[in-house]
Amino acid sequence: MSRKKSKIQNMFYGKAEGENRTINLQFRVTEEELKQIEKRQAEVGILNRSSFLRKMALNGICIRVETKYLREASRLLWSTSNNMNQYAKKANATGSIYLEDINSMKAKYDELIQVYGKVLQQFNEIAEAIY
């Protein structure tokens with residue numbers, strides 16, 4: 001096999017025909033970060049670390065999830081389940097059901113569904129960006 005890279009290899013590694021890389025970039029990592037980099041490099045099968053890091057820097061995807069909606073959804077879920085628990089205890093103790101309590105729980109549940117809808121929308125946007 002020739003030592004010259006094929007056009008497909010050049011496309012994969014991102015180097016155009018006749019192009020020389022003249023700029024050196026350096027950065028520091030911890031030992032744990034290096035192990036993670038080496039693990040990811042092995043997973044994708046790129047033997048040359050420079051090629052792997054270049055490929056990730058140019059074509060990798062960074063995902064930032066806004067946790068505001070997740071925190072709000074968790075708070076609402078806790079609140080709704082707490083209210084349902086209290087309502088169940090009250091209904092078992094008194095044997096009666098109040099429409100006001102049911103409407104209050106329904107309002108909390110509807111709010112929870114809206115917030116989870118926003119969370120799912122964010123995950124859908126991430127999935128669309130990846131694929």
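The largest pocket in this predicted model has a volume of about 510 Å³, and its lining is made up of 13 residues.

**The largest pocket**
- Among the 13 lining residues, I23, N24, L25, S50 and R54 are the ones that lie nearest the centre of the pocket.
- Sorted by class, the lining consists of six nonpolar residues, four polar residues and three charged residues.

**Packing of α2 against α3**
- Helix α2, which covers residues 31-44, packs against helix α3, which covers residues 49-59, at an angle of about 90°, and the two axes are 11 Å apart.
- Because angles from 65 to 115 degrees count as roughly perpendicular, α2 is described as roughly perpendicular to α3.
- On the α2 side the contact involves L34, I37, E38, R40, Q41 and V44, which meet R49, F52, L53 and M56 on the α3 side.
- Taken together, the residues of this contact comprise six nonpolar, one polar and three charged.
- As background to such spacing, an α-helix has 3.6 residues a turn, so residues three or four places apart point the same way.

**Helix α2 and its end**
- With 14 residues, α2 reaches 20 Å from its first C-alpha to its last, which is close to the 20 Å expected at 1.5 Å a residue.
- The residue that follows α2 is G45, and its phi is positive, near 80°.

Methods. Residues are numbered from 1 along each chain as its sequence is written. This is a predicted model: local features need pLDDT of at least 70, side-chain atom pairs count only at pLDDT 80 or more; totals for chains, interfaces and linings use all residues. Side-chain values use heavy atoms; hydrogens and water are left out. On a 1 Å grid over the protein atoms alone, a cavity is a set of points where a 1.4 Å probe fits but cannot get out, and a pocket is an open set with protein on both sides within 12 Å along at least five of seven lines; lining residues have an atom within 4 Å of a point. Grid points are joined across faces, edges and corners, and a volume is the space filled by probe spheres set on the points. Ala, Val, Leu, Ile, Met, Phe, Trp, Tyr, Cys and Pro count as nonpolar, Asp, Glu, Lys and Arg as charged, and the others, Gly among them, as polar. Axes are lines fitted to C-alpha atoms, for helices over the stretch in contact, and angles run from 0 to 180 degrees between N-to-C directions. Helices (H or I, at least four residues) and strands (E, at least two) are DSSP runs, numbered from the N terminus. Angles under 35 degrees count as roughly parallel, over 145 as roughly antiparallel, 65 to 115 as roughly perpendicular and the rest as oblique. Contact means heavy atoms within 4.5 Å. The expected span of a helix is 1.5 Å times one less than its number of residues.
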